[in-house]
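Colleague: I have not worked with this structure before, and I would like to learn how to read it feature by feature. Could you show it to me and take my questions in turn?

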Amino acid sequence: MQKLAIIGGGISGVSLAYLVQQQFEVTLFESEDYLGGNNCSAEVEDGQKVPMGVIIYPSRGLFEHTLSFADEFGLECKPAQLPHVFCNSREVRFRSSSGSGHVWRDMKDVAYLNFGIKSHVDSHEQTLDELIAHSMLSKECVEDLLAPFAALYLSVPYASIFELPLSTVAGWWCKYCIPFHLMSSFSYIDGGNHQLVDGFVDRTRMTVRLNSKVTSVSRDTDSVLVRMGEEQQRFDKVVFAIRPDEALSLLDRPTKTEAHVLGGIDTNTLVSTLHRQPYDCEGGDITLNLYGNERESTHMVTTWGNRNCFGFDLQDEVYTSLHQADKAPIDDSDILAQRTFKVPVQTANTASVADQIDRLNAESDGVYYCGSWFCPSFYHEDGINSAIALSETLRGA
Ligand SMILES: Cc1cc2nc3c(=O)[nH]c(=O)nc-3n(C[C@H](O)[C@H](O)[C@H](O)COP(=O)(O)OP(=O)(O)OC[C@H]3O[C@@H](n4cnc5c(N)ncnc54)[C@H](O)[C@@H]3O)c2cc1C
């Protein structure tokens with residue numbers, strides 16, 4: 001049996017290991033002391049864990065593989081009630097639960113968001129501002145609904161949404177939001193999404209190396225050398241299941257395609273804070289607060305209650321706030337746990353290399369790639385999809 005190293009024990013790495021275990025002798029290297037990557041939790045009460053990263057899965061149609069693996073592993077998925085409230089400088093501009101907000105009163109905006117936007121999925125040259133300029137959407141609808149919603153779900157700063165090619169925003173909106181069903185069709189795994197990671201790991205025959213940070217990878221004529229500091233091991237094939245910029249920094253002599261594609265995907269830093277005091281959060285809703293009226297100075301904080309929104313069995317509510325690293329909105333004394341994530345994001349740069357990502361594995365010389373960054377929305381399902389696609393390539397290689 002050929003020896004395969006998988007670098008990175010997030011959902012992409014563990015699902016790939018599960019899928020190729022019959023064909024390869026798998027060793028999984030993970031730099032942290034746990035598996036799951038972004039799918040991680042913090043203990044806030046005796047034995048009760050609350051997610052710090054991955055929280056929800058949109059509908060079954062969109063998260064087909066994630067939810068069918070959950071079924072296969074006997075995990076119960078529950079619907080999450082997640083009305084969205086968008087506030088701009090503390091004034092509520094859009095509320096999905098009641099259908100109020102001026103966006104809903106303008107039928108032209110509603111018609112465009114449901115139908116007209118589909119014609120822009122190929123508009124690589126245009127941006128959201130041109131929709132406003134050509135009166136296809138009102139300024140308020142773009143600035144108070146479409147842009148914050150996209151910034152929240154694509155994990156990018158508010159201002160970046162206006163720099164993205166319209167094709168990226170329109171493509172994401174058409175896939176996930178039409179016709180506004182998104183807000184009522186989220187689900188989550190009862191008791192926490194980390195159980196999906198455990199489901200893969202418990203069913204996989206492999207060697208797991210925790211606390212093992214890979215420091216470099218180099219190709220030889222007939223093998224690939226993986227180094228962790230002084231230690232080194234040879235493998236027939238190596239898969240990077242980590243962020244693209246990290247993979248590039250570990251590669252000895254990257255190919256032109258690797259340097260171009262892996263180096264072309266931008267990243268953003270997000271902080272997840274668990275706290276007890278509600279922070280500008282409307283009851284049980286997921287609340288997105290935009291601060292500042294100028295786009296350049298606008299920052300976002302998204303807050304929700306884990307007991308109200310996700311049914312966590314907590315004595316007292318624990319809120320999660322997602323925010324930018326330099327805009328920590330919570331009093332230090334109120335912080336129960338905090339974690340910083342660096343994630344690939346959709347930007348104009350990222351969009352410009354997106355159509356070349358598939359070339360990486362097609363041109364492979366012993367080194368392969370998978371991860372949620374293979375698809376534009378960077379969701380859990382994207383990570384699992386990339387593992388499924390790579391498992392098929394590896395079986396044929
Ligand atoms: C705050 C937040 C909330 C999110 N919420 C959702 C959500 O609700 N629903 C959803 O679908 N998606 C959500 N996402 C996106 C989701 O987290 C990702 O799509 C997915 O988890 C990424 O999985 P991955 O395996 O590709 O990468 P990662 O989870 O990043 O895993 C990579 C792993 O590689 C390890 N690693 C890195 N470098 C090395 C090295 N040199 N050697 C060894 N190991 C290394 C890391 O420690 C990590 O464990 C969220 C992301 C964030 C940050």
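Colleague: Which residues of helix α2 are buried?

Modeller: A residue is buried if 20 or more other C-beta atoms lie within 10 Å of its own, exposed if 12 or fewer, and partly exposed in between, with C-beta atoms placed from the backbone. In helix α2, which covers residues 64–72, the buried residues are Thr-66, Leu-67 and Ala-70. They lie on the same side of α2 because they cover an arc of only 90 degrees around the axis, the arc being that of the directions from the helix axis to the C-beta atoms. On the other side of α2, the exposed residues are Ser-68, Asp-71 and Glu-72. Please keep in mind that this is a predicted model, in which local features need pLDDT of at least 70 and side-chain atom pairs count only at pLDDT 80 or more, while totals for chains, interfaces and linings use all residues. Residues are numbered from 1 along each chain as its sequence is written.

Colleague: What do the buried residues of α2 pack against?

Modeller: Two residues are in contact if their C-beta atoms, placed from the backbone, lie within 7 Å. The buried residues of α2 pack against β5 (77–80), β8 (186–189), α9 (194–202) and α15. The element names come from DSSP runs numbered from the N terminus, helices being H or I with at least four residues and strands E with at least two. Just after α2 comes Gly-74, whose phi is positive, at about 75 degrees.

Colleague: Which residues of helix α4 are buried, and which are exposed on the other side?

Modeller: In α4, residues 107–114, the buried residues are Asp-109, Tyr-112 and Leu-113. They cover an arc of only 95 degrees around the axis, and therefore sit on the same side of α4. Met-107 and Ala-111 are exposed on the other side of this helix.

Colleague: Where does Ser-135 lie, and what is its phi?

Modeller: Most residues other than glycine have a negative phi. Ser-135 is not a glycine, yet its phi is positive, about 55 degrees. Ser-135 lies in the loop between α5 (128–133) and α6 (139–153), and Ser-135 is exposed, with 10 other C-beta atoms within 10 Å. Asn-211, also a residue other than glycine, has a positive phi near 50 degrees. Its place is the loop between β9 (207–209) and β10 (216–219), where Asn-211 is exposed, with 11 other C-beta atoms within 10 Å.

Colleague: How many bridges join β10 to β11, and how many join β11 to β12?

Modeller: Two strands pair if DSSP finds at least two bridges between them. Four bridges join β10 to β11 (residues 224–228), and these strands run antiparallel; Arg-219 has Val-224 in β11 as its bridge partner, and the hairpin joining β10 to β11 passes through four residues. Going on to β12 (residues 231–235), β11 is joined to it by five bridges, again antiparallel, with Gln-232 in β12 as the bridge partner of Arg-227. Two residues separate β11 and β12 in their hairpin, and Gly-229 in that turn has a positive phi of about 60 degrees.

Colleague: What is the sense of the pairing between β3 and β4?

Modeller: β3 and β4 pair in the antiparallel sense, over four bridges, and Glu-45 stands opposite Gln-48 in β4. Their hairpin has two residues between the strands, and Gly-47 takes a positive phi near 75 degrees there.

Colleague: Which domains does the assignment give?

Modeller: Domain bounds come from an automatic or database domain assignment. Here it gives domain 1 (2–76 + 191–265 + 347–396) and domain 2 (81–188 + 267–344), with 27 Å between their centres, taken over C-alpha atoms. Their contact takes 27 residues from domain 1 and 33 residues from domain 2. On the side of domain 1 that touches domain 2, at least two residues each come from β3 (41–45), β4 (48–51), α10 (244–250) and α13 (348–353).

Colleague: Finally, how many residues surround the ligand, and which are the closest?

Modeller: A residue is near a molecule if its C-beta atom, placed from the backbone, lies within 6 Å of it. The ligand is surrounded by 36 residues, of which the closest are Gly-8, Gly-10, Gly-37, Asn-38 and Ser-372. The elements giving two or more residues to this shell are α1 (11–20), β14 (267–275), β18 (335–344) and α15 (380–396). The shell around the ligand draws at least three residues from each of domain 1 and domain 2.
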